[in-house]
Amino acid sequence: LNQSTLVKNVGDQYDYIFPSIHDSEICDLANINSKNSLIGITRETADLIKTKSTYYSIFKLLHIPCPNYKLIKQPCNLFFNINNNYPCIVKPDNGAAGYGVKICEDVNSLKIFAINEQVKNSDYIIQDYIEGDICSIMGTVVNEEIQVDLFFDIESDCYPYATETGLVYPSKHKDLQSIVVKYLANFFKYIKLD
């Protein structure tokens, strides 16, 4: 609970919990909602978005643009047989905020990453590295209506690592917001998020 925002606190009563947690913790939040009869994300929806590979596969199914990627399951020696385009970006399948993410210039740097990281108890995604700006969107979905509260840019530094170092509002790409919302509407309908 301490990693989420509790909304409408009246005494000890909560109407719902707004998630502000890592992807991998979304199922815990759904379980809390179910156990306490709270409005919010369900276990069915949480299972569809608990890792990057689960929601990337839905993006592909719905023709929502996303980078090409490969899911690498444990153990880390699987990294050594990867036929990939370079540079590529490697990230934990259940990570967030740029932790454990690295841009690899060639197969050797990918192998060194796998050995040094020991691929820490996570499956990993190796995806095409697309140079450019990173934007993020935050808001709510109620009665299938999407309300955008923030559309902002994420600064990233320390190349070849991709740690998120700052947030800038408003986004310099705010003209993309309506396009993103259309894709999100299809995605939310598919995962039954309301």
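In this predicted model, helices H3 and H5 cross in the right-handed sense, and the two pack at an angle of about 115 degrees with their axes 11 Å apart. On the H3 side the contact is made by Tyr55, Ile58, Phe59 and Leu61, which meet Phe187, Tyr190 and Ile191 of H5. Sorted by class, the residues of this contact comprise seven nonpolar, no polar and no charged ones.

Each of these two helices also packs on a sheet, H3 on one of four strands and H5 on one of three strands. The four-stranded sheet is open, and its strands follow the order S3-S6-S4-S5 with antiparallel pairing. Its edges are formed by S3 (69–72) and S5 (102–104), and because each of these has a single partner strand, one side of each is left without a neighbour in the sheet. Neighbouring strands are turned against each other by 25 degrees on average, direction ignored. Within this sheet, S4 (residues 88–92) and S6 (residues 124–128) pair in the antiparallel sense over five bridges, and lysine 91 is placed opposite isoleucine 125 of S6. Helix H3, which spans residues 52–61, packs on the sheet through contacts with S3, S4 and S6, and its direction makes about 145 degrees with that of S3.

The three-stranded sheet is likewise described as open, with the order S7-S8-S9 and antiparallel pairing. Here the edge positions belong to S7 (134–142) and S9, each of which has a single partner strand, so that one side of each is left without a neighbour in the sheet. The twist from one strand to the next averages 40 degrees. Helix H5, formed by residues 177–191, packs on this sheet by touching S7 and S8, and its direction makes about 115 degrees with that of S8.

Strands S8 (residues 145–157) and S9 (residues 163–168) are joined in the antiparallel sense over five bridges. Among the facing residues, serine 156 has glutamate 164 of S9 as its bridge partner, and aspartate 157 stands opposite threonine 163 of S9. The two strands form a hairpin with five residues between them, and in the turn cysteine 158 has a positive phi of about 70 degrees.

Further backbone features of this kind occur elsewhere in the chain. Most residues other than glycine have a negative phi, and most peptide bonds are trans. Histidine 63, although not a glycine, has a positive phi of about 60 degrees; histidine 63 lies in the loop between H3 and S3 and, because its relative accessibility is 68%, counts as exposed. Glutamate 144 likewise has a positive phi, near 65 degrees, and is placed in the loop between S7 and S8; with a relative accessibility of 66%, glutamate 144 also counts as exposed, the threshold for that class being over 50%.

One joins tyrosine 86 to proline 87, with omega near 0 degrees, and proline 87 is found in the loop between S3 and S4. Another joins tyrosine 169 and proline 170, with omega of about -5 degrees, and proline 170 lies in the loop between S9 and H5.

An α-helix has 3.6 residues a turn, so residues three or four places apart point the same way. Just after H1, serine 37 takes a positive phi of about 50 degrees.

Conventions: Residues numbered from 1 in each chain as written. Predicted model: local features only at pLDDT ≥ 70, side-chain atom pairs only at ≥ 80, totals over all residues. Heavy atoms only, no water. Pairing = 2+ DSSP bridges. Axes fitted to C-alpha atoms, helices over the stretch in contact; angles between N-to-C directions. Contact = heavy atoms within 4.5 Å. Left-handed = near helix turned anticlockwise from the far one by under 90°. Nonpolar A, V, L, I, M, F, W, Y, C, P; charged D, E, K, R; others polar. Buried < 20%, exposed > 50% of the residue type's maximum accessible area, 1.4 Å probe, protein only.
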